[in-house]
Every structure is written in structure tokens, then in C-alpha cells.
Amino acid sequence: MRIGVFVCQCGTNIAGTVDTEAVARKALEYADVVYATSYVYTCSEPGQQEIQRRIKEMDLQGVVVAACSPRMHEPTFRRAVERAGLNRYMFEMANIREHVSWISTDKEANTRKAMELVHMAVAKLRFNQPLFSSKVPINKRVLIIGAGVAGIQAALDCSDGGLDVVLVEKNPSIGGKMAQLDKTFPTIDCSSCILGPKMVDTAQKENITLYACSEVESVAGYVGNFKVQIRKKATYVDWNACTGCGECVQKCPSRKAPDTFNENLSNARAINIPFPQAIPKKATINRDYCLHFTRGKCGVCKKICPVRAIDYDMQDEIVTEEVGAIIVATGYDLFDHSVYGEYGGGRYPDVISGLQYERILSASGPFGGHIKRPSDGSEPKDIVFIACVGSRDASVGRPYCSGICCMYIAKQAILTKDHLPDSNCYVFYMDIRSPGKNYDEFVRRAQEEYGVQYIRGRVGKVYPRGDRLVVQGADTLLGIQVEVEADLVVLATGVEASSGAAELAEKLRISYDQYGFYMESHPKLRPVETNTAGVYLAGACQGPKDIPASVAQGSAAAAKIQALFARDVIETDPQVALVNERTCVGCLKCIMVCPFGAIQSKTLRDGSIKAEVLASVCQGCGLCNATCPPKAIQLQHATDNQILAELNTLCA
Amino acid sequence: MEASATTRLHQEVEASIGRLSTVLGWGAGYDPLHMTPLFVRSPEDIARLVWNPLCVQNLTGYLVKSPGVQPPEEGKKIGICVRGCDSRSLVALIQEKLISRENLYIIGIPCRGTVDIRRLMNESGLSNIRSVRIEKDLLIVDDANGAHNLPLERFLARRCLRCRHPNPVIHDVLLDEPVTPRTTAEDAYRDVESLEAQSLDQRRAFWSVELDRCLRCYACRNACPLCICQNRCIAETRDPRWLTQRVNLPEKFLYHFIHALHLAGRCTECGECERVCPMEIPVTLIKEKLNQITRDLLHYEAGLDPEAVPPLLTFNPAEAGI
């Protein structure tokens, strides 16, 4: 093989701490290397042209570029060698920037390491084979998991683009957390008034199939051709028949079921429609509280339902949908503030979460929009807001900023003053994070126009005194301890990953961070993609986000899918496992370990059993190769011989 | 008691041979010290079956490796005699779907241990051994000079001294009353532990001396019932080229560690690799170490539950211990 080596200086990024000229000179000593040079910016247009010129001039059959991480520019250089007539897999990259020049200033050691990395890349390249991708058709349907505002926006945008959308929501109604909010910052417009029309649109679009009260059971396949099983949870009400008239809810004798939509500030019936604007507006039976299920008698709803929709024998149902791309928009959960013993650990009824206060403020909430204390229903006069509850606090495992709390307490304080002009609002805060458009002005308005008292400092303790609460904290600006007597304490509870996020990630084969938020492909340049092709992210499942950002990401994910679906076929990655039938002993351990179900067994004409890889399902993880005892199954472009060549070079 | 066990074995096989296409057992070999695998295909061969402490071979490999037993005839099964250790190999093979439980008729033999024949041959004062049997803690050896009562512990194979499962873990029929295990689970890895108590240099020296004797004859691999690659073994292939045929210590090391790693979480510690080694290298120790890790990290013991999935033969992100 005739190999050319191009050592990039990356300006001074590499050349500053690596003698790139020496690396290039040394490369000429390696077997099969016929040309080596050092270049200032190899990824630039002239740099790529230089590679192409040398391929033709020197009759090169393989190219090594020693530069940055292959995650950065491997596709760039693969395209470059392809333009010069080489197969794109006759190219290797040695990472001498992230792995060398950026991590040490010892030029001599760096140069030595760069030489070794280049030598390894050359050694591997000598075993490379041209690989070719195949083309498979794209199924132009989209699965969207989660129908909060991000998922709804993505669904509507995909639908407007003419795509078939399958929208899966685990709750009985779409709308997510935004449906629970009263007003939205910084414009104080009514949350359900701006979300409601979108929810109605979602229900009315003919190309959106909505599965509410459903969860994704399993995901198989790959970009362009996913097969998804969806579990439709038993609601014990035939939703095809149910008209949402609500008669069953009114007559249901079981009145102690938790009202999760109202954050458990009130009780719901055992058969319930979560809120008046619910989409779909259908009743659901809570089995744990229904007298038919708990005591075996009742049946009131069944008797009075005018359309005979009640079905106590209903079972979960699994439906299969085939889609080409998936948007994950599973949102967030609220931090459980009961871990803070100093704030009462959830024992004081008048110490409530931010979302509970949101429900209290809402006209459709438990108190009809009148601000009352949950304990005795009296109107509070002094209200204290405590910021950063479950945010920026490593001691509870939540060192990150939830991003939305500063804004929502400012909003809630303003609304409180609107509702109760004579009330006093206090906000204990660490810092104010208000970097959005018109956000800081909004907080200033709360402070200056509405007279909300902002106290910079952490609250040490909340304890009851009579029927009121005492909030003890520090005012770090004045350097004094302060004590505020309050009727109601609102905790600015932070954002955490939605429960079950990790399990869903495993099904989708996407990665998540230590807090359970899904990992984007690149924090700056690929914020919507995941590292699994065909799976995209929208909204707070990727990290705490407010409504505008969630909506923007929902639209962005939809745009990504429109781009993906603009093609009719998709090229498969040839870097997958391949079985050498001559050495396969048919033990089929590869099938047992394959996480993707990409391997099956087949029987040859002589009766012998062999493994067979479904190239379009294989993700190239290499578990089968590691497991195969005779190493009959090899990962293309990372074969044992290629890796051994690198190791032998390094250890020689 | 072995004599009665042999009689019972004959009775059992006579009763069941009509339903079996072959019965794998042991028979007399070329001298009274050596028993050999015996494939019984017709009733007249039943009398040749024996069971005594010299029946040292694990026969389960013949179910999956060539030259082995033919697949059973329609409607029939394969009979196989197993000791406790062999039964665990069967379980492992069943788990890996290399054999099917339905095709087997398992004749279980509670085992009080097998003899390390090389040690017995080296014992001075014995000549022309005629028979060997175990009675309580004694090994009774009949030779030209009459009966010798020898301490059993001295002549048991190492694998038998550390045996936790002398009674077959699966069987269709059990030939004898269950026997008490010689070792508890806690003591099972004392050989590994005493080796590990040495310094790194001492251990390196130990293995250098031991493994340098290796001839790469592959007897250990060939005797292992779970090493089923046979002529496709990567110790001998050039593609991929993990090993060369060069005779040096690193290549020998690499061979033995590949062998052991291929058995990680699978090895049932039947000890065949060590028994057949012509150079008497304690190669099972390497597998014992891996099994100890498997036990401590993954809480798994190979070859006990046919329904269990060996920990390295699955992909489970929620795996405990990782």
C-alpha cells in the first residue's frame, strides 16, 4: 500500500507544543509511507486540496491525517479522499490535538507521543479495506414521546410539513407541565390560553395519531426504520365511546383519589377527567381508589354512562408503530422538596412547591384562583418565596441551576400582588438568573413596581409559630440574620429529570448524564441530535428549560426531521459486524449478547449453524466480537487485526 | 461401595437402554489404573461399564465436540454418566443451548472424589495395582502385595479436594445417596488466595516457571467441555492473528489467558484442563481466579441453574455489581 501522512499544525494549536515537522519526517520511516508533510490548517480548503493533489500525484492508496479528534473532522477528510477517488475508509485519523497538544506542554514528550499515534494509524491503515454502504428506504413517519409544549410544537411542525406523527403521552391528557401553569413570564399571558389552541390543533390534525395514557414499551430498528411498541394503559373507559360529558365524575362516590393535576392540593374522584381543557377529554378510572376494584362493588359509573363506555375488564394493549425518526420530549419532574428537613420536610401544609402555588393562582385550580392557605383556607398576608430549592445545591445532588425558578417566583410574586394588593412578598435568593429577552426587566418590575422584597441569602430554617411560619435566614448584603413571619412559604422547587428517563434512554439507546438528562450530540453545535441516529431531543428532557426554549427546540427537532426525510433513502454505516462463516462455530453467544437483536442464526446446506448479522440493525458496538471465542465475527473498520496492528506497533 | 455402585449402574443402564441410543460412561482401560470413556450402544456392552475413583474423565465434552456421540435416534435419548462436576458442565452447555436437556438421560453419580493417578503412580511401595476404592477417609489400593490403606486426602485430585458440588446438580436418576461436600463455598478459592498472598514478583516468577513448561499441545483446551471452537481456535488461526506459533513465554501466557477469558463466568471448575496437562501446570488456577471475581462481583456461580444466563453472555445495563 502507498500511504501519505499529513500532519496538521492547526495554527499553533498543535504546532505550539508538537514538532509537527519532526512527526512528518519520522513518518517517512514507517512501512508503506511514501509521502509525509506538515501543513498549517489541513482542514482548510487548500489543505484538503493538497491531500487530493498528493493522492493523484503520488498514487496514494491510503491517507493518514494527524490532527484533531475524528469526531471533529473525520467526515471532512473522508469526503476529501473520496473526491480524489479513494474509498472513504482508506483513511485514518490520529488525534494529536485533544490527545496530545492540548493536554501537555512538554514538547519533546508530545512529539514522541504524536509520532506513536501516527505510527499506529499507519499500521491500522495497512489492514484497512474499502467498505461500501448500502441504501435503505426511509419510513417518513415520526414518533414523538411526550406531549408537553415541546412535544406538541414538534408534532404540529412535523404535521404541517406533511409528515405522519405518532404522539405518545403517558398522562391521560396532553399539555404537560405548561397546562398546569397559571400565567407565563415575562408577559403574564394566560398559560392555558396560549397552549390550549395548540392542544386542540394537535387533536384535530388528521396526520397526528395520539396515544394518551400510553408509554413506549420497546424500540427496535434504526434510523429510517424504527419499530416501536406502545403500551396503551388500561383506562377502564372505552375512549372511542366516551364523550367526556363528565356525568360519571360527578356521580362517582369515591372522592379521595389524589388530584395530581392540582398537585394534590385537592382530591379527585376515582373516575376523573384531569381538567376541563384536557385533550383528549376522556375519563380514566384510578384503580387504587375505584370502589369496584377495591371493594368489588359500586358500578355507578357503568350504570349512568349514557354511551356505555365503562369497561372494568379492560387490559393494557400493545400496539406497534413503524416510524423513521423519534423525538424525545419527556420533560422534567419537580424536585421533591421533602428532603429539606430545615424547610419542614413536607410536613407543613403551608410550605408548598412552586407548582402547587401555580395551581393556587390558577382560576381552574383548587381554590378557583383565590389565594388561600392549604391548611385553613385563609387568605395569606405575608408570603415568603425561597429560591434554589433543589437547585445549585450539591448536598442534595442537584448542583445545577434549574434556570426557570428565578423567573417564576418573580412572576408569582407579581401575581400575588395583583391578587392581594395588601400582601407582603419576600424573596430569599442566592443570585438572580434572568438572562432571557425582557427577563431582567421583568424581575426589576417585581422589585420596583410591585414592591416585592428581595433578600439575598439562604434560608436556614422554617418552623411554625402559632398558625404562622417563621422563616429564618441571612441577609448577606446587610450581613445580618433576618426573621420573617409568614402565612405561606413558596419553595422555588427546581427541575429534575423526569422519572423513568433512564429506562427510556436504555430503550432508545441514547445517553444521559448523571442527573438523568438526555445528552445532546454536541453541547453547542448539535443541541437537538442525540448520538443515536434518528433520535432527537426537545424540551426539558435535555436539561432545564423555560417555555420559549422548549418550543424552539421542539421546532428545531421537527426541522431536523424534515431535513432527514427530504431524502428517500438513507445510507447505512458499513462499520458493522460481519461473520466469517468459515470460522464461525455456531455457538451463537453473539446472539445472546447483542443489545440490538441484530444477529440471527442460519443453517447452511451442510446442516451447520452460523451466525448472521443484519447489517441494517447492527449499531457496531462490538459486543459480539468481544464475546465470539474464535473471533469469527469482526467489526468492520475495527477488526481484531487492525487493533492488533496498532497495539503491536505501540508495544514493539 | 464402588462395586455396588457399578452394579447399580449396570442395572440402571439395562433398564433404560431401550430408550437410549448411546450411553456415555467409563470402562476399563489398558491397565487397572486407567479407566477410559466408554460409549455403550448395545446391551452386551453394559457389563463393561465401571464406576470407581479412577473414572476421571469429564464425558460431557463428547456431546458437543468431535469425535463425539452421534445425535440420538428418533424418539431416543443419549444417556450420560455424570459426577457433580460433570453435571455442572452439562448445565453450562444447556444454558448456552449447545445441547438440549430433552435429548439427555442423565445418570447422576454422587462422587466422593477421583484419584490423581500420577500421584498414585509415584507412590513407592505399590506395584501392579489391581483395584482402587474409597472407604471413608481411606484409599484402599489392592496390588500384588495385598491391600494398602492410604490416606485419601493425599491422593485426591486438587479439583476434588476443593469440590463443593459432589452431587450432580441435574440428573434423571441418582445412583447413590448424596455425599457431603468436601469444601464450603468460603474455602473454595483457598488455592487462589494463598497464591495471591504472595508478592507480585513472586507470582510473576511462579507463573513464568509454570507456563514456560507449556508445550502448546492444547490438551487443556481439547479436554475442556466448554471450549468448543476446536480447529477454529484463535490460538491457531492466522486471521485474526492474536497469536503466533513462536515458542516463547509471552505467547504461552497469552494463550492461557485467552483460554481462561473465554471461560470467564462459564468455567465450572471440572479441572480437566489441569488433569490432562502433560506438564502438570496448574492451569485451572487461572480460571479459579476468574470465577472468584465472578462470584464476588456478579454473585454468580457457573453451571448450577439451567435457566440462569451467564453474566458475560448477556447485555444488561442495569446489571448489579458493575
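Guide: Domain bounds here come from an automatic or database domain assignment. This is a predicted model, where local features need pLDDT of at least 70, side-chain atom pairs count only at pLDDT 80 or more, and totals for chains, interfaces and linings use all residues. Residues are numbered from 1 along each chain as its sequence is written, while chains are lettered from A and ligands numbered from 1 in the order in which they are written.

Visitor: Into what domains is chain B divided?

Guide: Domain 1 of chain B covers 2-113 + 160-174, and domain 2 covers 190-313. Their centres, taken over C-alpha atoms, are 25 Å apart.

Visitor: What makes a contact between domain 1 of chain B and domain 2 of chain B?

Guide: Two residues are in contact if their C-beta atoms, placed from the backbone, lie within 7 Å. Domain 1 of chain B gives 20 residues to the contact, and domain 2 of chain B gives 18. On the domain 1 side, 10 are nonpolar (Ala, Val, Leu, Ile, Met, Phe, Trp, Tyr, Cys and Pro), 5 are charged (Asp, Glu, Lys and Arg) and 5 are polar (the others, Gly among them).

Visitor: Why is α7(B) called roughly perpendicular to α9(B)?

Guide: Helices are DSSP runs of H or I, at least four residues, numbered from the N terminus; strands are runs of E, at least two. Axes are lines fitted to C-alpha atoms, for helices over the stretch in contact, and angles run from 0 to 180 degrees between N-to-C directions. The axes of α7 (residues 200-212) and α9 (residues 249-262) of chain B come within 10 Å and cross at roughly 95 degrees. Roughly perpendicular means 65 to 115 degrees. Therefore α7(B) is roughly perpendicular to α9(B).

Visitor: Which residues of α7(B) and α9(B) meet?

Guide: B:S208, B:L211 and B:D212 of α7(B) meet B:L249, B:K252, B:F253 and B:H256 of α9(B).

Visitor: How do you know that β7 of chain B pairs with β8(B)?

Guide: Two strands pair if DSSP finds at least two bridges between them. Strand β7 (residues 138-143) of chain B has 6 bridges to β8(B), so the two pair, running antiparallel. B:D142 stands opposite B:A147 in β8(B).

Visitor: What makes β6 and β8 of chain B edge strands?

Guide: The open sheet has 3 strands in the order β6-β7-β8 (chain B). Strands β6 (131-135) and β8 (146-151) of chain B each pair on one side only.

Visitor: How many residues of chain A are in contact with chain B?

Guide: In chain A, 18 residues are in contact with 18 residues of chain B. Elements α16 (589-593) and α18 (640-651) of chain A give two or more residues each to that side.

Note on methods:
Angles under 35 degrees count as roughly parallel, over 145 as roughly antiparallel, 65 to 115 as roughly perpendicular and the rest as oblique.
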